[in-house]
Amino acid sequence: MNTKILSAFKINESELIPEQYILSNPNLIEIEGNIELIRYVPLYMYWCASNPDRESELVFDFTISALAEFGRCKDPNNGGLN
């Protein structure tokens, strides 16, 4: 576990999403149900930063798209972007 990267993304190790979930749901914008994007985007970013040798996975492309769509939102109470 790279604690420096976890710290940069302000993630606790206990918050990590299992890799199988991420690979099964590469496009976090299309995950069914209510998810907190303000929480999930950094977790997906962490996975990408921790797996640079797997950049052929669609997770990378979809995470970049999510950042373009939701990356500027700093307010967790903004329902339109959360």
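In the predicted model, a network of salt bridges links Glu 19, Arg 54 and Glu 57; a salt bridge is taken as a side-chain nitrogen of Lys or Arg within 4 Å of a carboxyl oxygen of Asp or Glu. Two salt bridges are present in the structure. Residues are numbered from 1 along each chain as its sequence is written, and side-chain values use heavy atoms, with hydrogens and water left out. Because the model is predicted, local features need pLDDT of at least 70 and side-chain atom pairs count only at pLDDT 80 or more, whereas totals for chains, interfaces and linings use all residues.

Glu 19 pairs with Arg 54, with 2.5 Å between the closest N and O atoms. Helices (H or I, at least four residues) are DSSP runs, numbered from the N terminus. Arg 54 also forms a salt bridge with Glu 57, at an N to O distance of 3.7 Å.

Relative accessible area is 35% for Glu 19, 23% for Arg 54 and 28% for Glu 57. Each of these values falls in the partly exposed class, between buried (under 20%) and exposed (over 50%), for a 1.4 Å probe and protein chains only.

Thr 63, in helix H4, is buried, with a relative accessible area of 3%. Leaving aside residues up to four places away in sequence, Thr 63 is in contact (heavy atoms within 4.5 Å) with Leu 28, Tyr 44, Met 45 and Cys 48.

Conventions:
Helix = DSSP H or I, 4+ residues; strand = E, 2+ residues; numbered from the N terminus.
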